[in-house]
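Please look through the structure shown below.

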Amino acid sequence: MSKTSDIYEVMQTQRAIRRWTDQPVDRDVIERIIQAACWAPSGSNSQPWGFLVVTDDGIRERLAEAIRNWFTAGLADRPDPSQLPDPTQRRMLTGAFNLFDNFAAAPVWIIPCLVRPESPAADGLIAGSSIYPSIQNLMLAARAEGLGTVLTTPQEGIMDDLRAELSIPDNARPVAIIPMGHPDANFGPVTRKPLETFLHWNGWSG
Ligand SMILES: Cc1cc2nc3c(=O)[nH]c(=O)nc-3n(C[C@H](O)[C@H](O)[C@H](O)COP(=O)(O)O)c2cc1C
């Protein structure tokens with residue numbers, strides 16, 4: 001799948017990828033991607049992060065089962081994707097549900113953790129704002145390498161399993177699980193509302 005180092009092309013085509021081939025990802029490529037994550041800015045340059053990379057089949061299968069159980073337990077409260085009128089939403093949610101059912105299909109998982117000196121890990125928007133730029137760097141670097149990712153958030157539902165399986169200390173808080181691999185789907189362009197929807201010059205009404 002196409003690599004590109006054109007930053008605008010990377011951003012415009014960094015679509016959520018939820019299907020991967022079995023091809024393993026080289027360790028040096030993973031290290032380059034994590035290095036890109038670590039170049040991100042953070043409050044006071046605190047760099048409050050750790051990136052767990054999980055490639056081990058046994059670990060991924062055990063945690064994938066935990067995700068499946070958590071997902072299945074909450075299924076009754078979730079919308080049925082096939083009933084959604086908007087085809088983009090329908091496709092997105094169907095893909096998201098399939099992924100929660102078979103998370104081990106991704107050969108690599110990256111679990112970014114917010115690391116705080118206090119214990120337990122501090123919460124909130126300001127704390128979070130010091131790790132999400134690194135996650136964006138990571139996903140853009142993966143796209144540049146021709147690898148597909150999607151930011152997912154099942155971590156809260158399987159927190160005890162994650163901590164036990166990966167020996168995560170109390171002061172580190174997983175904030176996402178990012179499956180990654182060689183895509184079995186096409187990159188972008190992404191679907192977004194027009195720029196005028198979001199851009200305001202010199203005041204909200206401008
Ligand atoms: C904070 C956040 C949480 C997300 N959580 C999930 C998730 O749990 N499962 C999933 O499949 N996709 C998840 N996504 C991916 C979004 O669904 C996806 O980025 C969005 O639908 C836009 O699609 P696109 O990136 O292909 O343009 C998440 C994205 C963000 C930014």
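The chain has seven helices and five strands. Helices (H or I, at least four residues) and strands (E, at least two) are DSSP runs, numbered from the N terminus. Along the sequence, the pattern reads α-α-β-α-α-β-α-α-β-α-β-β.

This is a predicted model: local features need pLDDT of at least 70, side-chain atom pairs count only at pLDDT 80 or more, and totals for chains, interfaces and linings use all residues. Residues are numbered from 1 along each chain as its sequence is written.

The C-alpha atoms fill a box of roughly 50 × 45 × 35 Å, taken along the principal axes.

Now the helix packing. Two packed helices are described by the angle between their axes and the distance between the axes. Axes are lines fitted to C-alpha atoms, for helices over the stretch in contact, and angles run from 0 to 180 degrees between N-to-C directions.

| Helix pair | Axes come within | Crossing angle |
|---|---|---|
| α3 (residues 57–73) and α7 (residues 159–166) | 10 Å | roughly 165 degrees |
| α2 (residues 27–38) and α6 (residues 132–144) | 7 Å | roughly 145 degrees |

The α3 and α7 angle of roughly 165 degrees makes α3 roughly antiparallel to α7 (an angle over 145 degrees). I59, R62, L63 and A66 in α3 meet D161, L162 and E165 in α7. Contact here means C-beta atoms, placed from the backbone, within 7 Å. These residues divide into four nonpolar, no polar and three charged. Ala, Val, Leu, Ile, Met, Phe, Trp, Tyr, Cys and Pro count as nonpolar, Asp, Glu, Lys and Arg as charged, and the others, Gly among them, as polar.

In α2, R32, I33, I34, A36, A37 and C38 meet S134, I135, N137, L138, A141 and A142 in α6. That contact has nine nonpolar, two polar and one charged residues.

The ligand is surrounded by R15, A16, R18, M92, A96, L99, V150, L151, T152, T153, V190 and T191. Each has its C-beta atom, placed from the backbone, within 6 Å of the ligand. Seven are nonpolar, three polar and two charged.

Two backbone spots remain. The peptide bond from G188 to P189 is cis, with omega near 5 degrees. P189 lies in the segment after β5 (178–181). S167 has a positive phi, near 50 degrees, and sits in the loop between α7 and β4 (172–174). Most residues other than glycine have a negative phi, and most peptide bonds are trans.

Key:
Angles under 35 degrees count as roughly parallel, over 145 as roughly antiparallel, 65 to 115 as roughly perpendicular and the rest as oblique. Two residues are in contact if their C-beta atoms, placed from the backbone, lie within 7 Å.
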